[in-house]
Amino acid sequence: MSEYKVTLKWKRSGAEFSYQKYPRDHTLSFGGGVTISATAAPEYLGNPAYVNPEEAFVASLSSCHMLTFLAIACKQKFVLDSYEDEAVGHMEKNVDGKLAITRVELRPKIEWSGDR
């Protein structure tokens with residue numbers, strides 16, 4: 001099996017540690033060397049310029065779907081020229097009344113070429 005490691009770093013940096021004031025910004029460093037700035041969603045006092053966990057979750061589903069689709073299409077001898085997805089995650093109350101990403105809509109647009 002495989003392992004995927006991410007290092008998350010957050011610091012208070014002297015800010016008051018109360019709900020309205022503590023910073024939500026943090027970094028995520030991935031195994032390949034990429035580091036991104038992340039935060040909470042804006043409705044949870046995050047910085048809208050950074051990626052939030054809900055966006056990252058939707059992005060991971062969209063990316064996984066695309067990579068699986070490309071692999072299957074290639075193995076079946078289809079030729080794809082482009083793939084674009086405008087994925088949307090919906091945060092709603094679940095059956096227990098808790099906020100959660102309850103569904104994700106994937107909307108792939110694919111351009112094909114070749115004989116097949």
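## Cysteines and aromatic contacts

Cys64 is partly exposed, at a relative accessible area of 47%. Here buried means under 20% relative accessible area, exposed over 50%, and partly exposed in between (1.4 Å probe, protein chains only). Cys74 is exposed, with a relative accessible area of 53%.

This is a predicted model: local features need pLDDT of at least 70, side-chain atom pairs count only at pLDDT 80 or more, and totals for chains, interfaces and linings use all residues. Residues are numbered from 1 along each chain as its sequence is written, and side-chain values use heavy atoms, with hydrogens and water left out.

**Cysteines.** A disulfide is a pair of cysteine sulfur atoms within 2.5 Å. The count under this rule is zero disulfides.

**Aromatic pairs.** A pair of aromatic rings is described by the distance of the centres and the angle of the planes. Rings of Phe, Tyr and Trp (its six-membered ring) pair if their centres lie within 6.5 Å; planes under 30 degrees apart count as stacked, over 60 as edge-to-face and the rest as tilted. The whole structure holds six aromatic pairs. One of them joins Phe17 and Tyr22, and this pair is tilted. Phe69 and Tyr83 also make a tilted pair. Their values are tabulated here.

| Pair | Centre to centre | Angle between planes |
|---|---|---|
| Phe17 and Tyr22 | 5.2 Å | 35° |
| Phe69 and Tyr83 | 5.9 Å | 50° |

The Phe69 and Tyr83 pair links distant parts of the chain, 14 residues apart. Phe69 sits in helix α1 (residues 53–75), and Tyr83 in strand β4 (residues 79–85). Helices (H or I, at least four residues) and strands (E, at least two) are DSSP runs, numbered from the N terminus. Is Tyr83 buried or exposed? Tyr83 counts as buried, at 15% relative accessibility. Phe69 is partly exposed, at 27%.

In the other tabulated pair, Phe17 is exposed, with a relative accessible area of 59%. Tyr22 is partly exposed, at 24% relative accessibility.

**Cluster and charge.** Phe17 and Tyr22 belong to one aromatic cluster with Trp10 and Tyr19. Arg24 lies over the face of Tyr22, 3.7 Å from the ring centre. Arg24 also lies over the face of Tyr19, at 4.7 Å from the ring centre. A charge sits over a ring if NZ of Lys or CZ of Arg is within 6 Å of the ring centre and within 35 degrees of the ring normal.
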